[in-house]
Amino acid sequence: MNRCIALLVVCAGAPPADAWAAQATPSRVTVVALAPVEVPRDLAQHGLAVTRLTALIATTLRDSGYAVVPPETTLAVWVRTRDALGGFYDTYTGKVIPTKRDSIISATRLALRDGFGADVWVRPSIRIVAARFEGGRARWDGIDDATGGTGGPLAFLLQGTVWSALLTPTSGTIAGASLHVAVDDMDGRRLYERAGGIRLLAHLVQGEWQAVTNPFGDPSRNATAVRLALDSLPVVVAPRRGR
Amino acid sequence: MRRRWPLFPIIGLALLSAPAPTDPHTKTIALSSIELPDAALVDSNWIRLDASARATFDSAAHHWLDSLITVGLRDAGLHVLPSPIAAGIWRRLVDSVQGFYDPLTGALVEEEYRAVVLGTARALRAQHGADAWVRPRVELVPVAFRGGSVQWDGTSEGLGARLKGRSSATSIVVELIDSTGMPRASGRGGLKALVHAPSGRPERVAWTSIFVDQKRNHRAVTLALETVIEYLAGGEPQR
């Protein structure tokens with residue numbers, strides 16, 4: 001008997017990894033305005049850990065040859081613009097009003113360009129994706145991660161037997177976290193978009209799914225996610241040194 | 001939690017607009033129309049309602065569920081104020097604070113929300129003599145399935161195959177609020193599992209199927225009202 005898990009999550013799909021790298025002529029930029037990594041509300045308790053991820057992105061961008069408007073400055077511009085325009089949430093429903101949000105984004109872009117000479121706006125975010133798992137491993141956005149479930153020869157041998165009841169779920173979908181990076185020019189055109197997987201948000205422990213307590217606490221996983229999300233950026237948005 | 005307040009069309013006028021109680025010992029209960037969230041965090045996963053579930057709920061299901069709750073309270077000997085009464089007061093008070101979500105962050109402003117709840121409870125008491133206010137909602141809850149069935153909130157459901165794992169289900173939750181705005185009792189009744197396994201593998205059930213089984217609707221409402229009715233039977237009306 002085939003056994004699997006029915007955890008269905010919202011899938012925030014990103015374009016294929018090479019979609020942006022395939023552009024023929026790279027834009028040339030000097031100054032990138034980096035926004036802090038945006039975290040979904042349900043992962044807000046990990047804000048401190050995500051701050052380290054923002055710092056890692058800033059370092060990677062500088063090492064690639066870009067001048068970086070620091071995330072604290074970019075955030076301050078965003079907050080000032082948002083507050084000046086009265087926010088973009090419906091006070092009756094708590095939902096985003098898309099037109100108001102778009103106008104605040106446009107005004108922030110202008111402020112970053114005119115005030116700081118920014119050529120592009122780099123907007124990283126944590127996204128929760130539905131990661132397919134099979135045989136004890138899940139694969140998404142360039143990485144694979146162990147679910148903690150049974151896989152391999154044991155699962156193959158026991159599948160379809162009465163002993164399969166001893167197995168933990170071997171296939172299905174489970175929530176995984178990815179670092180998503182979007183880069184827009186100051187006219188609002190999307191120049192680059194790519195995601196790098198970080199880790200699963202739950203693991204199987206004795207047959208039960210348990211939430212991972214510190215999903216952004218592993219520096220090597222964070223570094224891999226940043227590399228996956230940014231490694232094609234210079235191909236699309238080439239750094240123009242020494243302007 | 002995001003909320004959505006559907007319109008409160010007056011349905012079944014003969015059912016809803018009952019006359020005031022002649023017996024002074026009969027408790028008067030103000031009823032709100034049942035709510036359905038757009039999304040909920042279940043086992044670290046955001047479950048977002050499909051548009052078809054919202055359409056089914058808004059067009060028909062909330063009428064059925066409101067009627068079942070009304071009948072359940074009436075059968076317990078309570079006088080029920082129809083939901084448009086509470087809805088009208090609620091809307092006026094929400095307008096008076098211009099909504100209770102922060103326009104900058106989208107977060108619920110707890111003080112304003114509490115003020116609207118308290119104001120509604122007091123107005124229902126002062127203007128309509130309500131002893132308590134019943135607020136029902138549909139909740140998405142995490143469930144574990146094992147051995148071919150899932151059990152939660154007083155009910156169970158077969159999956160169609162012997163499986164083990166976790167998924168989500170819907171329950172009806174009924175909260176009783178007194179005239180000082182304080183929650184006094186709440187009850188839960190399992191409505192429908194969101195997983196089944198007709199082909200031996202777990203699959204999400206069709207969103208439109210959540211509210212169509214009237215027997216399950218009735219059982220969920222009955223279970224959810226049990227605690228509330230017990231509380232009301234034991235306590236004195238707050239005059």
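The questions and answers below concern a predicted model with chains A and B.

User: How many helices and strands make up the secondary structure of chain A?
Analyst: In this predicted model, chain A has 243 residues, of which 49% are buried. Among its contacts with a separation of 6 or more, 73% join residues 24 or more positions apart. The secondary structure of chain A comes to six helices and twelve strands.

User: What is the orientation of α1(A) to α5(A)?
Analyst: Helix α1 of chain A spans residues 47-63 and helix α5 of chain A spans residues 219-230, and the two pack with their axes 10 Å apart at an angle of about 45 degrees. Because an angle of 65 to 115 degrees would be needed for roughly perpendicular and one under 35 for roughly parallel, the orientation of α1(A) to α5(A) is oblique.

User: What percentage of the residues in chain B is buried?
Analyst: The secondary structure of chain B comes to five helices and eleven strands, and its accessible surface of about 10,300 Å² belongs to carbon and sulfur atoms for 55%. Of the contacts in chain B with a separation of 6 or more, 71% are between residues 24 or more positions apart. Out of 239 residues in chain B, the buried share is 51%.

User: At what angle do α2(B) and α5(B) pack, and which hand does their crossing have?
Analyst: In α2(B), B:Trp64, B:Leu65, B:Leu68, B:Ile69, B:Gly72 and B:Leu73 meet residues of α5(B), including B:Asn217, B:His218, B:Val221 and B:Leu225. The axes of α2(B) and α5(B) lie 10 Å apart, and the two helices are therefore oblique to each other. Their packing angle is about 45 degrees, and their crossing is right-handed.

User: How far apart in space are B:Thr222 and B:Gly72, C-alpha to C-alpha?
Analyst: B:Thr222 is found in helix α5 of chain B, and with a relative accessible area of 37% it is partly exposed. In sequence, B:Thr222 and B:Gly72 are 150 residues apart, whereas in space their C-alpha to C-alpha separation is 6.9 Å.

User: Is B:Arg216 buried or exposed, and which residue's backbone oxygen does its side chain reach?
Analyst: B:Arg216 sits in helix α5 of chain B, which covers residues 214-234. Because its relative accessible area of 17% is under the 20% cut-off, B:Arg216 is buried. Beyond its neighbours within four places in sequence, B:Arg216 is in contact with B:Trp152, B:Thr155, B:Ser156, B:Glu157, B:Leu191 and B:Lys192. At 3.4 Å, the side chain of B:Arg216 reaches the backbone oxygen of B:Ser156.

User: Which residues does B:Thr56 touch, not counting those up to four places away in sequence?
Analyst: B:Thr56 lies in helix α2 of chain B, and since its relative accessible area is 15%, B:Thr56 is buried. With residues up to four places away in sequence not counted, B:Thr56 touches B:Ala61, B:Thr208 and B:Phe211.

Notes. Residues numbered from 1 in each chain as written. Chains lettered and ligands numbered in written order. Predicted model: local features only at pLDDT ≥ 70, side-chain atom pairs only at ≥ 80, totals over all residues. Heavy atoms only, no water. Helix = DSSP H or I, 4+ residues; strand = E, 2+ residues; numbered from the N terminus. Buried < 20%, exposed > 50% of the residue type's maximum accessible area, 1.4 Å probe, protein only. Polar contact = N/O pair within 3.5 Å; in protein donor to acceptor, adjacent residues only side chain to side chain. Contact = heavy atoms within 4.5 Å. Axes fitted to C-alpha atoms, helices over the stretch in contact; angles between N-to-C directions. Parallel < 35°, antiparallel > 145°, perpendicular 65-115°, else oblique. Left-handed = near helix turned anticlockwise from the far one by under 90°. Areas by Shrake-Rupley, 256 points an atom, 1.4 Å probe, with all protein chains shown as cover.
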